[in-house]
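Please look over the structure shown below, with attention to its charged side chains and its strands. The report that follows takes these two topics in turn.

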Amino acid sequence: MASPPIAILGTGAHAPSRILTNEELAQRVDTSHEWIVSRTGIRERRVAEPGQTTADLASAAAAEALANAGLAPADIDLLILATVTPDLDMPATACLVQQRLGIPSGAACFDVNAACTGFLYGLDVAWSMLSSGRYRHALVIGAERLSSVLDWEDRTTCVLFGDGAGAAVLGPARRPGAAILASRLHTVAGTSDLLHIPGPSYSLEPAEHRRVIRMKGKEVFKLAVRAMEDVARELLEQQRISGDQIDCIIPHQANQRIIDAIAQYLQLPLDRFFINLDRYGNTSAASIPIALHEARTQGRVQPGQLVLLVAFGAGLTYGGALVRW
Ligand code: ACO
């Protein structure tokens, strides 16, 4: 008998309780609530407390996803954590989460770095590994503490980002029809300089070496719209479905204007898109899994429905996944 397809069995999310509003930011840098809302749609974001790390946020989100899937830590034999803000350069933050949650020795645990597309990269890799039959249940986590890599004096970046974590449990489908149907990952060559955080081996003048986000926002904006539109079309064509058959689109939560443009180019109504960036800002790899979790808990994603996930991020990486819930 053919084994069941791989599906998402549960989701979870966790964000720090501390809310940082646009008004508070306007007291630190030369900006305003009106500018931030009109250019991005962001109203507030969450910021980790001192000592609260990416692994802390990831562990809380993952524990909720496990409970939602009705599985125990001992059921997990694959843990992939997407982040650009690991607790340590080594070992992987996935190993720290393994220990926190009590996932047994022997599980495969590693991090992926594909910036804001990281969760979709992790999802694709987990899907492939589970489909091979060599692993049974995977935890895929997107978690970030971006507040620790922001230049709080740079108004062009510090207003955009926030902290948080989201997680999904993958395993053999339990309902007929439920499945990850398709996934595509890409990278635009030669665009690394548009958005980056210097790492330990980066050789620049010490002043430029600070481990903070640097971004050419306008260029990223244009490429982001085209990339997410392209990968959405690619998945729809590959699966021979039309856009109006998609029940819910969960895009990377970077900027309301990017989402408006994609909706326009794909000729899809905006109310088909799940949007929570007004409350979280851009949480990079955590953005899609937090939104997926909220879409599920708010009933925006129902059994049998088609869900399209699309993201872009530093690299510039981009990707999409089509899921039958
Ligand atoms: N408050 C007030 N004014 C500001 C601010 C601010 N926070 N930031 C920039 N400005 C000013 C600029 O200095 C500029 O002033 P000038 O005309 O005197 O030079 C003016 O506003 C316009 O700036 P632009 O950069 O042209 O503003 P734009 O409309 O392009 O919006 C933004 C900037 C929001 C960054 C937009 O380009 C964007 O969203 N880009 C995509 C960014 C993104 O999605 N990044 C995440 C990537 S995902 C990942 O991997 C992390």
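Which side chain meets that of D154 in a salt bridge? In this predicted model, the partner of D154 is R214, and the nitrogen-to-oxygen distance of the salt bridge is 3.7 Å. Because D154 lies in the loop between β6 (138-145) and α6 while R214 belongs to strand β10 (residues 214-215), the pair ties together parts that are 60 residues apart in sequence. D154 is buried, with a relative accessible area of 16%, whereas R214, at 30%, is partly exposed. The two residues also take part in a network of salt bridges that links D151, D154, R210 and R214.

| Salt bridge | Distance, N to O |
|---|---|
| D154 and R214 | 3.7 Å |
| R155 and D30 | 3.6 Å |
| R279 and E294 | 2.7 Å |

The side chains of R155 and D30 meet in a salt bridge, and this pair links distant parts of the chain, since R155 is in helix α6 (residues 155-158) and D30 is in the loop between α1 (22-26) and α2 (33-40), 125 residues apart. R155 counts as partly exposed, with a relative accessibility of 44%, while D30 is exposed, with a relative accessible area of 60%.

The salt bridge between R279 and E294 joins two helices: R279 lies in α9 (residues 277-280) and E294 in α10 (residues 287-297), so that parts 15 residues apart in sequence are tied together. Is E294 buried or exposed? With a relative accessible area of 10%, E294 is buried, because the cut-off for that class is under 20%; R279, at 29% relative accessibility, counts as partly exposed.

Turning to the strands, five of them form an open sheet in the order β1-β7-β6-β4-β5, and their pairing is mixed. At the edges stand β1 (6-14) and β5 (108-112), each of which has a single partner strand, so one side of each is left without a neighbour in the sheet. From one strand to the next, the twist averages 15°. Strand β4 (residues 78-82) pairs with β5 in the parallel sense over five bridges, and L78 stands opposite A108 in β5. Helix α3 (residues 54-69) packs on this sheet, where the helix touches β1, β4, β6 and β7 (163-172), and its direction makes about 130° with that of β1.

Methods:
Residues are numbered from 1 along each chain as its sequence is written. This is a predicted model: local features need pLDDT of at least 70, side-chain atom pairs count only at pLDDT 80 or more; totals for chains, interfaces and linings use all residues. Side-chain values use heavy atoms; hydrogens and water are left out. A salt bridge is a side-chain nitrogen of Lys or Arg within 4 Å of a carboxyl oxygen of Asp or Glu. Helices (H or I, at least four residues) and strands (E, at least two) are DSSP runs, numbered from the N terminus. Buried means under 20% relative accessible area, exposed over 50%, partly exposed in between (1.4 Å probe, protein chains only). Two strands pair if DSSP finds at least two bridges between them. Axes are lines fitted to C-alpha atoms, for helices over the stretch in contact, and angles run from 0 to 180 degrees between N-to-C directions. Contact means heavy atoms within 4.5 Å.
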